[in-house]
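User: I would like to learn how to read pockets, cavities and aromatic pairs in a model. Please take one feature at a time.

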Amino acid sequence: MKQLFTDNLDFIFLFYGAAFFFLGTACLVLNFRERPKKTLPWLALSLFGFIHGLNEWLDMLAISFIDPHFLEFWRTVILAVSFLCLMEFARRSINILTRLRIHPWFYAPFVFLFLIVFNYFKPDCYNCANGFIRYFLGFPGALGAAYIFFILPRKAIGRLKLQVLYPCLGILFLFYAVSTGIIVPKSHFWLASVLNHSSFIEWTQIPIQFFRGVLATLIAFFFVYQVTRVTLSITGIGKSGRHIKF
């Protein structure tokens with residue numbers, strides 16, 4: 001089983017990245033549909049989907065070329081930017097849905113911690129950078145998104161009325177936070193030396209990228225389904241040709 005997944009890791013990255021492009025497209029449509037209303041910052045989540053999908057496809061090319069250093073610097077930058085978009089979605093959504101007001105200076109401690117820790121462990125360079133980006137940007141960003149979808153049913157924002165989806169999305173983002181923000185490439189950092197991509201596949205016989213890809217696909221499916229409902233509610237036409245009530 002392990003060898004089967006390892007030999008086809010490029011195909012895993014293919015569907016993994018495609019799921020994020022579907023997520024980005026769905027959120028982009030949702031942002032357009034919800035633009036007249038005071039709703040969540042779907043554009044930030046859309047940017048996360050497109051940019052993170054690009055990162056996964058660049059990883060796929062690195063595997064296809066059998067060169068782990070292929071565009072290594074730019075892949076690291078793109079990964080950081082994608083998670084910053086996810087954090088921005090969480091920050092602005094919290095500002096909209098709660099009484100908290102999180103200033104953009106909120107990013108300073110995370111960036112500061114990243115620079116300090118990366119400077120200390122930089123002998124491993126890009127693996128360390130990838131890990132710390134996931135620790136300090138990816139994990140809090142995905143955790144913030146999970147929190148948003150857990151509290152969203154009580155807020156009834158915009159046209160997203162199918163409340164049963166919110167807890168599902170919250171759980172999926174919670175699992176994604178752990179899988180993408182805690183399980184990182186192996187490096188000298190003590191946590192990354194114990195809990196990493198290699199140790200995960202040894203314990204489960206399944207690469208963490210496959211698990212992340214399944215989560216991303218389910219998240220994208222929920223958003224595509226929801227956008228379809230929003231579009232039908234705007235046109236007022238369902239399968240039976242009658243007005244749809246939400």
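Analyst: This is a predicted model. Start with the largest pocket: α3 gives the most to its lining, with 5 residues.

User: Which other elements supply at least two residues of that lining?

Analyst: Besides α3 (42-64), the elements that each supply at least two are α1 (2-7), α2 (9-33), α4 (72-97), α6, α9 (197-204) and α10 (208-235).

User: What is the volume of the largest pocket, and which lining residues are closest to its centre?

Analyst: The volume is about 810 Å³. The lining has 31 residues, and Phe13, Arg75, Pro185, His197 and Gln209 are the closest to the centre.

User: How is empty space found in general?

Analyst: A probe the size of a water molecule is rolled over the atoms, and this shows where space is left empty. In this structure there are 3 cavities of 30 Å³ or more. The second largest cavity has a volume of about 50 Å³.

User: What lines the second largest cavity?

Analyst: Its lining consists of Ala19, Phe20, Leu23, Phe48, Phe173, Tyr176, Ala216 and Ile219. Two or more of the lining residues come from each of α2, α7 and α10, and α2 gives the most, with 3 residues.

User: What is the geometry of the pair formed by Phe149 and Phe173?

Analyst: Phe149 and Phe173 are stacked, with 5.5 Å from centre to centre and 15° between the planes. This pair links distant parts of the chain: Phe149 lies in helix α6 (residues 126-151) and Phe173 in helix α7 (residues 165-181), 24 residues apart.

User: Are Phe149 and Phe173 buried or exposed?

Analyst: Both Phe149 and Phe173 are buried. Phe173 also belongs to the lining of the second largest cavity.

User: Which residues form an aromatic cluster?

Analyst: One cluster is made up of Phe13, Tyr16, Phe20, Phe48, Phe83 and Tyr176. Among them, Phe20, Phe48 and Tyr176 line the second largest cavity, and Phe13 is one of the residues closest to the centre of the largest pocket.

Note on methods:
Residues are numbered from 1 along each chain as its sequence is written. This is a predicted model: local features need pLDDT of at least 70, side-chain atom pairs count only at pLDDT 80 or more; totals for chains, interfaces and linings use all residues. Side-chain values use heavy atoms; hydrogens and water are left out. Rings of Phe, Tyr and Trp (its six-membered ring) pair if their centres lie within 6.5 Å; planes under 30 degrees apart count as stacked, over 60 as edge-to-face and the rest as tilted. Helices (H or I, at least four residues) and strands (E, at least two) are DSSP runs, numbered from the N terminus. Buried means under 20% relative accessible area, exposed over 50%, partly exposed in between (1.4 Å probe, protein chains only). On a 1 Å grid over the protein atoms alone, a cavity is a set of points where a 1.4 Å probe fits but cannot get out, and a pocket is an open set with protein on both sides within 12 Å along at least five of seven lines; lining residues have an atom within 4 Å of a point. Grid points are joined across faces, edges and corners, and a volume is the space filled by probe spheres set on the points.
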